Amino acid sequence: MLFPTHLLVAAVVGRVSGLAPLWLVVGTAVPDVVDKPLATLGVTSLFHSVGHSALLLVVAVPLALSGRAGLSAAVGWALHLALDAVHVVVNGRAGDAVFLLWPAVVPADPLALPPGPFFLYYLWSPAFFLEVAFWLATAALAIRQWRAGEVSAETEWL
Ligand SMILES: [Zn+2]
């Protein structure tokens, strides 16, 4: 899934839940902010590695138990992993979902594309169209709420 869509999903979840939108967005950004530079610099060979590993539950669970901000960040992180797993399955590469078990298990035939070539590969894929549909639905709902006067500045961002 594209990075801006991860951020949008986290913001929407923050809007409809009691979680802190800002910490949801921070948590959902972590996997790509950590893993993309590591792979770009050649530290890891995959663009889904430590930040995308479900083995980080050893960090996420205590974080989630630390309070509203920690829970929001942990949910944002888990949301990112879930959406990336959905994206590879929707695009017919279900075997790549084992990135969740990195480093214990690695995909047999990973794409291993850096962000630019990945974007070009991803355009017009089934998951790309799901993202477009999500953006359009979110925009339609936002416009509808704005027209109905339901938009308030009372959101607790932290
Ligand atoms: Zn990701």
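Me: What covers the buried residues of α2?
Reply: In this predicted model, the cover over the buried residues of α2 includes α1 and α4.

Me: Which residues of α2 are called buried, and what makes them so?
Reply: They are P21, W23, L24, V25, G27, T28, P31, D32 and D35. A residue is called buried because 20 or more other C-beta atoms lie within 10 Å of its own.

Me: How do you know that the length of α2 agrees with its number of residues?
Reply: At 1.5 Å a residue, its 20 residues should span 28 Å. The end C-alpha atoms of α2 are 29 Å apart, so the two values agree.

Me: Where in α2 is there a kink?
Reply: The kink lies at A29, shortly before the proline P31, and is about 35 degrees. Just after α2, G42 has a positive phi of about 85 degrees.

Me: Why is the largest set of 18 residues called a nonpolar core?
Reply: Such a set is called a nonpolar core because its members are buried residues of kinds such as Ala, Val, Leu and Trp, joined through C-beta atoms within 7 Å. Among those with the most contacts inside this core are L19, L24, A60 and W77. The helices α1, α2, α3 and α4 each supply at least two of its residues, and α4 gives the most, with eight.

Me: Which residues of α3 meet α4, and what kinds of residue make up the contact?
Reply: A60, L63 and A64 in α3 meet G70, L71, A73, A74, W77 and A78 in α4. The contact has eight nonpolar residues, one polar and no charged.

Key:
Residues are numbered from 1 along each chain as its sequence is written. This is a predicted model: local features need pLDDT of at least 70, side-chain atom pairs count only at pLDDT 80 or more; totals for chains, interfaces and linings use all residues. A residue is buried if 20 or more other C-beta atoms lie within 10 Å of its own, exposed if 12 or fewer, and partly exposed in between; C-beta atoms are placed from the backbone. Helices (H or I, at least four residues) and strands (E, at least two) are DSSP runs, numbered from the N terminus. The expected span of a helix is 1.5 Å times one less than its number of residues. The bend at a residue is the angle between axes fitted to the seven residues ending there and the seven starting there. Two residues are in contact if their C-beta atoms, placed from the backbone, lie within 7 Å. Ala, Val, Leu, Ile, Met, Phe, Trp, Tyr, Cys and Pro count as nonpolar, Asp, Glu, Lys and Arg as charged, and the others, Gly among them, as polar.
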